[in-house]
Amino acid sequence: MTSTKEEKGKRSKKIGFVESEEDTREGGARKSSEKTYRKSTYPRESMAAVARKSSMLILSRLMGPPMTSSRGNRSLYDRTSMYVAPRFQNSYRLESKHPFHRETMHTMMNYFLKSYLDDYKYLAKRAKRLAENLSEELKNQFKLCRFDRYRFVALVTVGDKRSQDFRGVSRALWDPEKDDFLSVTYEAPAFFVIASVWAVYFE
């Protein structure tokens with residue numbers, strides 16, 4: 001009884017077709033135009049339903065995968081959404097496995113600046129490019145040491161030597177037990193370089 005009621009409630013849409021008079025003359029059976037009906041092979045949706053579905057799909061991609069989704073669905077959302085934040089499990093460890101070594105990195109900075117700038121031909125027009133390259137190279141050298149849970153910020157200042165005084169000052173809010181700061185100065189007859197690197201502990 002329930003199946004018959006559901007079939008009555010859900011009536012399929014029908015499409016009407018009108019036969020031409022020529023077809024009726026050839027057949028000889030039908031003289032007047034009649035309508036024949038057949039069931040529709042595709043469902044029709046309103047424009048409001050289509051817009052609702054598209055908006056829900058966009059919102060679901062922006063919000064990321066649900067917590068109970070499978071691994072395959074999560075990979076699909078990770079590829080399509082750029083707002084999904086990485087998630088890490090708690091390690092319950094408060095200290096770094098490979099802590100930062102100040103003396104070793106200070107020696108490395110001195111050696112790096114000397115090997116990079118001893119044969120360098122200084123031009124005032126290229127000072128900006130020199131500072132950018134030195135800061136990137138210094139940051140890469142610190143990353144190669146693979147200090148655990150540390151992030152690095154490099155700042156390089158390049159200036160001409162014209163019998164002037166120069167004083168550089170920096171301030172930072174940090175943890176004195178875990179964070180650290182290094183600064184190395186290189187002087188040549190025509191220019192000077194001040195390289196500073198901040199090693200910030202990141203839990």
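1. What we're looking at. This is a predicted model, so to speak of local features a pLDDT of at least 70 is needed, side-chain atom pairs count only at pLDDT 80 or more, and totals for chains, interfaces and linings use all residues. Residues are numbered from 1 along each chain as its sequence is written, and side-chain values use heavy atoms, with hydrogens and water left out.

2. The overall layout. The protein chain has 6 helices and 5 strands (DSSP runs numbered from the N terminus: H or I of at least four residues for helices, E of at least two for strands). Read from the N terminus, the elements go α-β-α-β-α-α-α-α-β-β-β. Of the 203 residues, 22% count as buried (buried is under 20% relative accessible area, exposed is over 50%, and partly exposed is in between, using a 1.4 Å probe and protein chains only). The chain exposes about 17300 Å², with carbon and sulfur atoms supplying 52% of it (areas by the Shrake-Rupley method with a 1.4 Å probe; for residues, only the protein chains shown count as cover). Among contacts with a separation of 6 or more, 61% are between residues 24 or more positions apart (contact means heavy atoms within 4.5 Å).

3. Back to the opening question. On β4, Asp 180, Leu 182, Val 184 and Tyr 186 point to one face and are buried.

4. Three strands make an open sheet in the order β3-β5-β4, with antiparallel pairing (two strands pair if DSSP finds at least two bridges between them). The edge strands are β3 and β4, each of which pairs on one side only. From one strand to the next, the twist averages 10 degrees (axes are lines fitted to C-alpha atoms, for helices over the stretch in contact, and angles run from 0 to 180 degrees between N-to-C directions). As a reminder, strands of a sheet pair through backbone hydrogen bonds, either parallel or antiparallel.

5. Bridge by bridge. β3 pairs with β5 (residues 191-201) over 11 bridges, and there Val 153 has Trp 198 of β5 as its bridge partner. Between β4 and β5 there are 8 bridges, with Tyr 186 partnered by Val 193 in β5. β4 and β5 form a hairpin, with 3 residues between them.

6. Helices over the sheet. Helix α5 (residues 102-117) lies across β4 and β5, at about 25 degrees to β4. Helix α6 lies across β3, β4 and β5, and runs at about 155 degrees to β3.

7. Tyr 116, a spot worth a look. Tyr 116 sits in helix α5 and is partly exposed, at 32% relative accessible area. Leaving aside neighbours within four places in sequence, Tyr 116 is in contact with Leu 130, Asn 133 and Leu 134.

8. An unreviewed UniProt entry annotates residues 117-144 as "coiled-coil region" (positions are given in the numbering used here, feature names are shortened, and annotations may be inferred rather than shown by experiment). In the model, that stretch is 68% helix and 0% strand, and its end C-alpha atoms are 21 Å apart.

9. Salt bridges. There are 5 in the structure (a side-chain nitrogen of Lys or Arg within 4 Å of a carboxyl oxygen of Asp or Glu). Glu 136 pairs with Lys 139, with the closest N and O atoms 3.8 Å apart. Both lie in α6 (residues 127-144), 3 residues apart, about one turn of the helix. Glu 136 is partly exposed at 42%, and Lys 139 is partly exposed at 24%.

10. Two further salt bridges. Glu 187 joins Lys 161 at 3.3 Å between the closest N and O atoms. This pair links distant parts of the chain, 26 residues apart: Glu 187 is in β4 (residues 180-187) and Lys 161 is in the loop between β3 (150-160) and β4. Glu 187 is exposed at 56%, while Lys 161 is partly exposed at 36%. Asp 160 bridges to Arg 162 at 3.7 Å between the closest N and O atoms; Asp 160 is partly exposed at 22% and Arg 162 is exposed at 66%.
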